[in-house]
Amino acid sequence: MLLLLLLLFKGLPCHGASTVASLLSSFHNLSAAHSSLSAPLLLGFHHPAAEEPLSYHFIQISSFANHSWAYTQASGWLGEVETEAWDSVSGTIRFLKPWSHGNFSKEEVKNLEALLELYLHSFTTEVQVFASQFQFEYPFELQVLFGCQMRAGKPSESFLNGAYQGSDFLSFQGNSWKPSPGAGSRAQNVCRVLNHYRVIKEIVQRLLSDTCPRLLASLLDAGKSELEQQVKPEAWVSKGPSPGPGRLLLVCHVSGFHPKPVWVMWMRGEQEQPGTQRGDVLPNADGTWYLRVTLDVTSGEAAGLTCRVKHSSLGGHDIIIHWDGNSILLILICLTVIVILVMLVVVDLRFKKQSSNQNILYPHVPNPAFSTRTNTRDPRSSGHLLCLAQDLWIKSKFLKNWKTLVVLYT
């Protein structure tokens with residue numbers, strides 16, 4: 001996809017251009033045949049985060065320790081969803097989703113794979129050969145970002161940017177390569193050489209203006225059910241490590257939500273607390289997301305604070321967790337459970353003791369607890385039945401209260 005860099009480092013304009021032209025020939029014909037998938041026809045596609053630009057981007061990071069050792073990582077992303085990954089061991093592209101091919105035909109996918117694998121296989125070797133010519137000093141890192149994005153009702157925008165040692169180095173704009181501001185003579189030299197290759201520039205231009213927008217629209221259509229999935233978040237609050245004497249670190253946890261955009265804030269009434277610190281939105285193993293939001297306050301300021309969560313899956317009904325209410329509720333639940341368990345143990349022990357006494361005093365009298373027949377004429381039996389009924393009533397009452405509490409607090 002970024003084959004022009006490979007051809008630049010090869011320095012073989014005739015052979016390089018011929019190779020690319022032959023690889024791209026069938027790909028170009030397939031592009032015309034699939035014009036029905038062009039981006040303008042799908043710009044009205046509904047997405048849960050429609051206010052944000054929809055994007056597809058391919059990221060490459062190549063690290064060079066010396067002239068003989070290097071390692072490359074590469075992956076394709078539809079927004080926040082990883083769709084392809086470069087397997088450096090097998091030297092192939094892995095498609096991570098059932099819909100990662102989009103609506104492209106097998107032949108077109110095969111040609112795209114051939115272009116990308118040729119580029120990634122040769123990139124490392126060619127960079128090491130020409131590193132001194134372009135003044136790349138070991139160890140160094142090269143980064144490439146290729147992609148496109150679109151908003152509903154607006155034409156797509158494509159980009160191809162390169163970085164050296166984490167700083168902007170060059171980009172492809174219009175139909176030529178341009179050095180980034182402040183990149184210096186090294187970037188100017190690379191762009192000057194690159195711009196000599198007319199065929200390569202035409203290939204890159206087609207990839208940016210045609211292939212990427214079609215791929216983006218195709219992936220949005222093929223992965224629609226997963227991308228539009230709405231999963232409600234779960235939220236809870238806790239106390240973090242003390243920031244200092246007399247201070248509290250309030251932590252609001254929000255987990256299990258999808259899609260990724262979420263709004264979380266510590267509030268006092270309707271007033272946002274300016275000291276709120278938002279962490280990174282991190283992925284869960286099941287494809288949902290997790291966020292941690294904190295607030296450093298004095299112990300006396302904690303009363304009355306709430307954590308508020310807004311998410312598209314909630315349908316406008318925000319989650320509001322009261323710091324005081326939640327803490328008191330947990331304490332009450334724990335105390336209630338402890339009391340009920342103690343009472344049940346006491347009743348059970350009393351029941352067993354009475355049964356034991358019955359067997360010792362009246363060994364020939366059947367225990368009413370294990371008999372379906374009772375001598376109603378025996379006063380001792382009647383008294384024992386009364387005690388047994390009382391014990392059973394106490395047990396029943398506590399069990400009923402326990403079930404009520406479970407229903408209320410779960």
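Is glutamine 135 buried, partly exposed or exposed? The tour returns to this residue after an overview.

**Before selecting anything**

The model is predicted, so local features are given at pLDDT of at least 70 and side-chain atom pairs at pLDDT 80 or more, while totals for chains, interfaces and linings use all residues. Residues are numbered from 1 along each chain as its sequence is written, and side-chain values use heavy atoms, leaving out hydrogens and water.

**The whole protein**

Of its 410 residues, 40% count as buried. Buried denotes under 20% relative accessible area, exposed over 50%, and partly exposed the range in between, with a 1.4 Å probe and protein chains only. Among contacts with a separation of 6 or more, 61% are between residues 24 or more positions apart; a contact requires heavy atoms within 4.5 Å.

**Stop 1: helix H3**

Select residues 106–130. Helix H3 has 25 residues and reaches 36 Å from its first C-alpha to its last, close to the expected 36 Å. The expected span is 1.5 Å times one less than the number of residues. Centre the view on phenylalanine 123, where H3 has a kink of about 40 degrees; the bend at a residue is the angle between axes fitted to the seven residues ending there and the seven starting there.

**Stop 2: the loop between H3 and E5**

Select glutamine 135, which lies in the loop between H3 and E5. Its relative accessibility is 47%, and glutamine 135 therefore counts as partly exposed. Although glutamine 135 is not a glycine, it has a positive phi of about 60 degrees.

Next, select tyrosine 138 and proline 139. A cis peptide bond joins these two residues, with omega about -15 degrees. Proline 139 is also placed in the loop between H3 and strand E5 (140–150).

**Stop 3: the aromatic cluster**

Show the side chains of Phe64, Tyr119, Phe123, Phe134, Phe136, Tyr138, Phe140, Tyr164 and Phe169, which ring pairs link into a cluster. Rings of Phe, Tyr and Trp (its six-membered ring) pair if their centres lie within 6.5 Å; planes under 30 degrees apart count as stacked, over 60 as edge-to-face and the rest as tilted. A search of the whole structure finds 11 aromatic pairs. One of them joins phenylalanine 136 and phenylalanine 140, a tilted pair at 5.4 Å centre to centre with 40 degrees between the planes. Phenylalanine 136 is buried at 7% relative accessibility, and phenylalanine 140 is buried at 3%.

Tyrosine 164 and phenylalanine 169 form another tilted pair, with 6.0 Å between centres and 50 degrees between planes. Tyrosine 164 is buried at 9% relative accessibility, as is phenylalanine 169 at 7%.

**Stop 4**

Strand E6 (residues 157–164) and strand E7 (residues 167–173) pair in the antiparallel sense over 4 bridges; strands pair if DSSP finds at least two bridges between them. Tyrosine 164 stands opposite serine 167 in E7. Which residue in the turn of the E6 and E7 hairpin has a positive phi? It is glutamine 165, at about 55 degrees, in a hairpin with 2 residues between the strands. Glutamine 165 is partly exposed, with a relative accessible area of 40%.

Continue to E8 (residues 176–179), which pairs with E7 in the antiparallel sense over 4 bridges. The bridge partner of glutamine 173 is serine 176 in E8. The hairpin of E7 and E8 has 2 residues between the strands, and glycine 174 takes a positive phi near 70 degrees there.

**Stop 5: the open sheet**

Select E12, E11, E16 and E17: these 4 strands form an open sheet in that order, with antiparallel pairing. Strands E12 (271–272) and E17 (319–322) stand at the edges, each with a single partner strand, so one side of each is left without a neighbour in the sheet. Strand E16 (residues 305–310) pairs with E17 over 4 bridges, and cysteine 307 has isoleucine 321 in E17 as its bridge partner.

**Stop 6: lysines over tryptophans**

Show lysine 310 and tryptophan 263: the lysine lies over the ring face, at 5.5 Å from the ring centre. The criterion is NZ of Lys or CZ of Arg within 6 Å of the ring centre and within 35 degrees of the ring normal. Then select lysine 260, whose charged end sits over the ring of tryptophan 289, 4.7 Å from its centre.

Finish at histidine 258 and proline 259, joined by a cis peptide bond with omega about 5 degrees. Proline 259 is placed in the loop between strand E10 (247–257) and strand E11 (263–268).
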